[in-house]
Amino acid sequence: MSSLNQLGRLLNGLSLIIKEIANRSQTIGSAKNGDLQTIISSSVKNALVSATDLAGLTKGKVREFSKPCPNESVVYFNRNNGGSLANVNSSSNDVDEPTNFDKSVGSNYEPVLEEKVVYDRLEKEYESNLDNKRDVDGGEVAATAVDAPVAMKRRRPRERRVPATPFSRAFGFAALGAGLAWGTVQESAKRIVYGSPNSNDKQSAVSPFLSEKNAERLALALCRMRGAALKLGQMLSIQDESLVPAPILAALDIVRQGADVMPRSQLNQVLDAELGSDWSSKLTSFDYEPMAAASIGQVHQAVTKDGKDVAMKIQYPGVADSIESDIENVKLLLDYTNLIPEGLYLDRAMKVAKEELSRECDYQLEASNQKRFRDLLSGQDIFYVPLVVDDLSSKRVLTTELVSGVPIDKVALLNQGPRDYVGRKLLHLTLMELFVFRFMQTDPNWGNFLFDEATKTINLIDFGAARDYPKRFVDDYLRMVMACANNDREAVIKMSRRLGFLTGMESEVMLEAHVQAGFVVGLPFSKPGGYDFRSTNITQSISNLGATMLRHRLTPPPDEAYSLHRKLSGAFLACIKLGAVVPCREMLLEIYEHYRFGEDEETLATVSAS
C-alpha cells in the first residue's frame, strides 16, 4: 500500500508539472491563436528529442549527417580577401576554411599537458608515501592531510543542445518526472520480489523513489538541462546526509563534474547574437573545446588580435529567462518526493536562489564586480584579479584575461609549506571580504582560486556570486563570531536573535544545539597559535547538530546567511582539504581591533577580544 501511495504522489506531481507546460509555454499560446505551423516546425521535433534525451532513451549529439569536422578544436582566423577574417558559420558545425590546425605550432596545448604530468606525478607520490606517514600518537594520517582517493562514478560530458525555450524546458521536466515515476515502479517491483535493501540511510531504505537509479536519473537530467536546475543540484551536492539522503548525494557527485556542452552551431548562434556576426574579427584563434562547462555557461580559450590569451565565458541560451520556471519545477519535484526536510524552509531557500541566480546570469554585473574586486585588491601582490576585456563582453558573454594556476584540490598534493600559505591567505581574504570590504565573492568552488606556486600568487576568477552586506548585519555578525570564539553563550544567543537566526521562543534543545554549533565554528578562533584543521572533524560535528536544529528550528535564517555561510563553510572545507595550519585567532583579533562599529550600534560588554 505504501508503494502505491508513493506512486500516486509522484503521478500527482507529474500532473502538476504538465500543467506548467500549459501555463508557461509560448508554443501552446501559439496553438490557441491557431498558429499550427509554429507547433509543427519549432516544437514537436525539439520536444520529442528533449524528452527522449532527458528520459535517458537517447544520448545527445543527434546530428548524424553533417560534414565531419576536423578533430582539432582550435580554429585560427586568417586574414584574406583584402583584410577580412575567415568567418565561422553559425548554421553549421564546421568553420569556413580554418587555417593551420597543427597542434605543434600552437602553445595553447603545452600548459595543459605540462600540468597533467605534474598532477599525475604528485598523485603517484601521494599514493606511494601514504602508508609511511604516521602522527605522534601512532594514528595513520595522509601525506597531504586529505583522505585517500575514493572510487566514484565518473561521467564524460556530452555535446547536447541546451533546451532554450519555455516549452522544451517544461517538457524536459515532465519527461524527468515520468522517468522518476517509472523508476519508482521498477524499484517497488524489485522490493516485492527481493525484499527491501539493507541501508544505513533510513529514508532511502523506506522510499522506493530514493533508489540509486532514480538518483542517477535526476543528476544526469540536471546535467542535460543546465541552467537554474543544474545550479540547484550543485548546491544540494555540497550538503551532508542530515539534509539530503545518501543515494541522492552520491548521484549528485556526478553533477559537480560539470554540465554537457553546447554544439558548435548553438555556440556560434549565441556569439553572433551577443557580439555581432563579426566577433571572429577580434580574435586570431578560438578553442571550441570548453575549458569548463558549468550550470549557467561554458568557458572557452581564445587569443585576441593583439596576442592576449583570454577566457570567454558564454552563457547557455534561455537559462536567464527560465530561472523562475526551472526553480518552480524543481520545487514541485522536491515537494512531491519528500527529498528535503521541512526544517530547511524550502520556500525561503528557493526565493533566495532565484535572486542569486538572476544576478549570476547578468554578466555585465559580474564584469562590474570583477573590476571592483580588482580595485580593492590592487594594493597587494598576493591576490590577482584578471582584467575584463570590454569589447568582447556583453550581458551573456564575459571575456577576461586568461590566468593559470593550481586549484585548491591540487594544492592539497603539495608540501606542507604551500598548503599552510594558501589556507592562511584564503581564510584571511574571506575575513577581509566580510569585515573590511563588506563585499564578498560567495562562490567557494575550489576552481575559483588558482595558486601559482612560482610567484606565490592566488589568481581569483568568477565573480558572478559577489554581493554586498549591510553594515548593521556585519557589525552584529562580527560580535557573534567573537562570542563564538570566546565560548560566550549569552552573547551568542543575543546576537543570534538580533541577526534573525532565533526568534526568542525556541526550546532549550534548539538553543543548546544552536549555541554548540556556534562554538564548533568558533573553535579555530578560540586559542592563539596555529590551528591545525586536521585536529577536529568540524563538518561531522556541524552535521550532527544540524539534524537537531532542522527538527526544532522556528524560523529560516536571514537572507544574507545563505550566501555568507556557503562561503564561510567553503573556506573551512578548503583549509580542511589542504590540511593547513592557520593562526585563525590572530587574524580575527587584528580585524576586530581595527573594526569601526556603526555609531548607532550598541557596544556589548559581554563580547570582548580577550
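Which residues form a nonpolar patch on the surface, and how much accessible area do they have together? In this predicted model, where residues are numbered from 1 along each chain as its sequence is written, local features need pLDDT of at least 70, side-chain atom pairs count only at pLDDT 80 or more, and totals for chains, interfaces and linings use all residues. Side-chain values use heavy atoms, with hydrogens and water left out.

The patch consists of I192, V193 and Y194, which together have about 420 Å² of accessible area. Such patches are made of residues with over 30% relative accessible area and no salt bridge, like charges being joined within 9 Å and nonpolar side chains (Val, Leu, Ile, Met, Phe, Trp, Tyr) within 5 Å. Areas come from the Shrake-Rupley method with a 1.4 Å probe, and for residues only the protein chains shown count as cover. I192 belongs to helix α5 (residues 166–194) and is exposed, at a relative accessible area of 70%. Here buried means under 20% relative accessible area, exposed over 50%, and partly exposed in between (1.4 Å probe, protein chains only).

Turning to the whole protein, the secondary structure comprises 21 helices and 15 strands. Both are DSSP runs numbered from the N terminus, helices being H or I with at least four residues and strands E with at least two. Of the 610 residues, 51% are buried. The protein exposes about 29300 Å², and carbon and sulfur atoms supply 52% of that area. With contact taken as heavy atoms within 4.5 Å, 73% of the contacts between residues at least 6 apart in sequence join residues at least 24 apart. A separate pair, K282 and F77, is 205 residues apart along the chain, yet the C-alpha atoms are separated by 9.5 Å. K282 sits in the loop between α10 (264–275) and β4 (283–287) and is partly exposed, at 27%.

The structure also holds 17 salt bridges, each defined as a side-chain nitrogen of Lys or Arg within 4 Å of a carboxyl oxygen of Asp or Glu. In one of them, K371 pairs with D390, the closest N and O atoms being 2.9 Å apart. K371 lies in helix α13 (residues 363–376) and D390 in the loop between β8 (383–384) and β9 (397–401), so this bridge ties together parts that are 19 residues apart in sequence. K371 is partly exposed, with a relative accessible area of 37%.

R489 takes part in a salt bridge with E490 (3.9 Å, N to O) and in another with E508 (2.9 Å, N to O). The bridge to E508 links distant parts of the chain, from helix α17 (residues 489–499), which holds R489, to helix α18 (residues 508–522), which holds E508, 19 residues apart. R489 is partly exposed at 26%, whereas E490 is exposed at 55%. Elsewhere, a network of salt bridges links R348, K351, E355 and D559.

Just after α15, R438 takes a positive phi of about 55°.
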